[in-house]
Amino acid sequence: MKKWNTEVSEFLEKITDFLIKYLNEWSNAIFIFVKTYNSLLALLLFIIIGVPFLKKVFDKEVKEFSVLKIFEVILNILIAVGLGYLVKLANIEGLIKVLSLIWSVSVGLVIFFLVLLIREIVIYIKSTKKIVAGYSDGYLFLGLIYLFASIASNQFEAINNILMIIYFLNLWMFVQLINHNNRHVDIEVDEDSDNAINSYSQLLPTRKMEFNRVYNQLTNVSYSEPFAITINGDWGEGKTSFVNVLSNKLEENNNYIIFIQPMVLDTSEKQMDYLFKQLKLIMNKNGIYTGNGSPFKQYLKIITNVLNAKPLLQLEKVFSVFNDEELPSDFRTNKHLLEEDIQRLLRMNNEKVVKKKIFIIVDDFDRVEKETMYNTLVFIKELVHFKGVNVIFLMDEQKLEAVKENKINKEYLDKFVNNKIQMSKIDSSEIFNHFISNIKVEDFKSDFVKAIVKELKGKVNNQIEQVQLMTKDKIAEVEKTIEDLTSNNGKQKEQNKEEDNKSERYEKLQINREQLISFLERFNSGVTNLRKAKKVVREIKEILIICDEQNNNSNYSHFVINMKKGKINEKIANLAFLKILFSEFVDEIIKRNDTREFIYETNVDFFKIMFEDLGYSSFTEDKELMANIVNLFCNSILLNKPLDNDLFSELRTNSEEILKKLDSPGVLNFPNNHFEVIKEYLSTIKLNSATVPNNIVLKRLEKLIEYIFVLYDNEVLSLKNLFELLSKPQRNPLIDHPLYFEKIYKILQQETKFESENDKKASVYILDQIEPHLLARYRGDIIIFISLLKSKEGNFTYQNFVADLGGIIRLDEMNKEIKNIFQENDNSVGVEFLANWTERASLEINKGYSGNKYILDSIGKYKKLIDNFIKTYGLWEKVKFKVKNLSVNHQSKFKEKLGVNSLQELKFDINEFYEYINKGNSVEPHLYYFNSILINLESYTRVNNINDDVIQIVEDIYQKLNNEDLNEISVDSEQLLLWCTVNLGEIKENLKKTENKK
């Protein structure tokens, strides 16, 4: 073990000797290099560090330093060097040993603080300037000691003392370069933030014009007397930004700026302390002495003593208590002397004329307590009322006027202010065009959002104008209603109740009018307020980001389609307006958890104007779908929820769903309520027929027709239902297609019966209503044929024939006119004549226009249309004929009340019922029908002589009824039986009267 320890010790000793040897060699090499090239190194350092620093100083880019400051540093160095040489020449051995020790200690301190500095910079890398600033003064002091001690104790061999001074100066300039602040703070800020801007380039055009006017006014004032202005503007109008740019520009031209915040410095003592510290700093940097015995120090001491003498009085009262004679004798003298120092400060290059000024900027003057306003005004008037000192007040004078019992009004301010500048209201389009330009297309991934951004300026300005215009129109409408109501009240005194109702309505209308005016004023104020407009645009950007973040969603295409259906690009601005300008109402929406419910239950017309698409009533299904999409989107944004999942699904109108089913290859299937669903399908086909090719319309119609008759075969639809589907022929696409009539005719050729006489009559009525509408659809095609045949004669045009034939609604009338026009001898009628004439007309037109391909092409298409009409009309006639002659199911028929139009029809019904009874059927279940026969027969026997056979049949039916077991019939049936007996008796009496008349 001992041997091993010895070997380790020897090994470590060898390594140490090796390191010491090479370190000595390297240090000697560095020493020789520095000693040989020290002048070149000093020059190189000066070029790298000194030249850029001095350039920034002379270009006035370094705010804290001037040429005077550099001379001050150089003077301190020369003092340290001079003292070092004096001690060296004195050659006091004891002192030199002490200074040698101080030099060693200072080297250690420099290294120690250097390590601390590096550590701080590494930890707080983003605060390098502040850290260096904290160490710079300490390093300057240590450096001077180090320089003094090194020269006095002759510590440098490699570098002569002059070069040492140059090295030190370079090191100091390097530290200042790291630490310096740019004098020019014309740096653009992110306008998405709430920070006030500093750059002239970011001012709006209107503000730039105002800036130039104000700046010229401030800098072109030829006299140096104290000068004060107020810059008035509402909150959010950009006063702070305006003054930031103004103060930067004033500083660039060597003026001095002192900011005072009365909200922070709310006492005279605080204001005085802050302002005089800033003034002292400015004077010191520019070579004006402010130490003991100086006018500055004396003036400040006198003011402090005056305030201490009257500690319970306001500043205004302090100076009103003292007369000039009562003030300290040297107050005016020292104030005058301080003013002379300030004049020397403001002269450039010792010129006699003052070219620079001190600007005291008082921000938010209107937002402090009344006492603070007084103190600030008096403080400025009495204590800093110096030549070359200008004051700028930022305020909103309207707020001052609004405060009751506030003595500081416009008249009071006139005592202190030389000029007032009112910041103008900027047009909303200028504001939003400026801020929206900060929303860049390239910041988004989605093409949909990019498209919105590209047209955003126009959309936002359009929305603003639309809201303003629609609100004004609504106000005018309400005012017109009020005017009409009041004029009606003055015409005539009505009943008290009606008068009360009018009075109540008048009151509601007045409230509604005032509410609309109030909301419009609030809206207009918001969209012309820079700060609020900036927040609106920021909110718009947030909404766009939310939409853009969904770009990777697999169903994003559905989202885009839904957004386009809901025209969300037009709603984004209004959503932002609602959130920023009417935020308290957003809280109400959050409570209700639904935007649509809030807007149409709170009865605020202004919001109904902003979100008119969210209406509840009188909407088409397209608008209803739009309303649902808008509501889903609004709820997601206003309630701070993720975008609703429904927005990423295929949201369609009911019509779109229907058309999708009709166009898909699958079979239709209606789970329930078939009849109503079919009518909805028919309506959808008709409404969408104008925008798609005719062959698609026919395919949709054929698919539906096939399914209708499947339902009939499955006894889901009745025969009556088939005819009911033909109702409302003016909008019914079924009458366009012969297929439907073909299938009905096929059914009617079978042993088919109506369930009741009423069903039959209703079907006949529906068929009768079809002809005018069926002809109306093809009437124009027939007139085209007529006009082409007659156009060769020169006196006839299509318009002439439309005027003459456009009102015809029956085919026989149209055929009659055709026969008259062309002197036709064809004796056929109906569709047969039209078919024959169309063939002849087609041949003649083809012959007459043989060289005109346009006419020939079109006439072929028109003929196809007329042929379709002929086929459909012919089938309609056949169906109508069959229906009129179709029988009714007896069991169903004889349970209804009889309705007849003639005596002959009544006799037919009596015989039909008699045959039914003779087949062994009971009369009692059909008492209601039998009683209606007797009622109608009794009516006819009053004036007509009825055949005895008919009366005998009726009596036989009655006898069969009495022969039936009537012991357990219902009360209603028993009553019907009594009515039958009475009616039969009245029939007999009527017959007797008729016989007597003969």
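Which side chains meet in a salt bridge at 3.9 Å, N to O? Select K608 and D605: their side chains are the pair in question. A salt bridge here is a side-chain nitrogen of Lys or Arg within 4 Å of a carboxyl oxygen of Asp or Glu. Side chains of opposite charge can pair when their charged atoms come close. Now show helix α24 (residues 605-610): K608 and D605 are three residues apart in it, so about one helical turn separates them. Helices (H or I, at least four residues) and strands (E, at least two) are DSSP runs, numbered from the N terminus. Colour by accessibility and K608 comes out partly exposed at 21% relative accessible area, while D605 is buried at 13%. The cut-offs: buried is under 20% relative accessible area, exposed is over 50%, and partly exposed is in between (1.4 Å probe, protein chains only).

A word on the ground rules before moving on. This is a predicted model, in which local features need pLDDT of at least 70 and side-chain atom pairs count only at pLDDT 80 or more, while totals for chains, interfaces and linings use all residues. Residues are numbered from 1 along each chain as its sequence is written, and side-chain values use heavy atoms, with hydrogens and water left out.

**Zoom out**

Show everything. The protein has 998 residues, and 44% of them count as buried. Its secondary structure comes to 41 helices and five strands. Among contacts (heavy atoms within 4.5 Å) with a separation of 6 or more, 74% are between residues 24 or more positions apart. Areas come from the Shrake-Rupley method with a 1.4 Å probe; for residues, only the protein chains shown count as cover.

**More salt bridges**

There are 25 salt bridges in the structure. For the next one, select E479 and R513, whose side chains meet at 2.9 Å, N to O. This pair links distant parts of the chain, 34 residues apart: E479 sits in helix α17 (residues 456-491) and R513 in helix α18 (residues 496-527). E479 is partly exposed at 34% relative accessibility, and R513 is partly exposed too, at 25%.

Then jump to R840 and E824, another salt bridge, with the closest N and O atoms 2.9 Å apart. R840 is in helix α35 (residues 830-848) and E824 is in the loop between α34 and α35, so the pair ties together parts that are 16 residues apart in sequence. R840 is partly exposed, with a relative accessible area of 30%.

**A negative patch**

Which residues form a negative surface patch? Pick D804, D812, E813 and E817. Patches are made of residues with over 30% relative accessible area and no salt bridge; like charges are joined within 9 Å, and nonpolar side chains (Val, Leu, Ile, Met, Phe, Trp, Tyr) within 5 Å. Lys and Arg count as positive and Asp and Glu as negative; His and the chain ends are not counted. Helix α34 (residues 811-822) gives the most to the patch, with three residues. E813 is in this helix and is partly exposed at 39% relative accessibility.

Go to I580 in helix α21 (residues 572-581). I580 touches K532, K535, V536 and E539, leaving out residues up to four places away in sequence. Draw a C-alpha to C-alpha distance from I580 to G526: 8.6 Å in space, for 54 residues in sequence. I580 is partly exposed at 24%.

Next, N555, in the loop between α19 (530-548) and α20 (556-565). Its C-alpha is 7.0 Å from that of S649, 94 residues apart in sequence.

Most residues other than glycine have a negative phi. N593 has a positive phi, near 65°; find N593 in the loop between α22 (583-592) and α23 (595-601). N593 is partly exposed at 43%. Finish at N640, where phi is positive at about 55°. N640 is in the loop between α25 (621-638) and α26 (654-663), and is exposed at 62% relative accessibility.

Note on methods. The place of a charge is taken as NZ of Lys, CZ of Arg, CG of Asp or CD of Glu.
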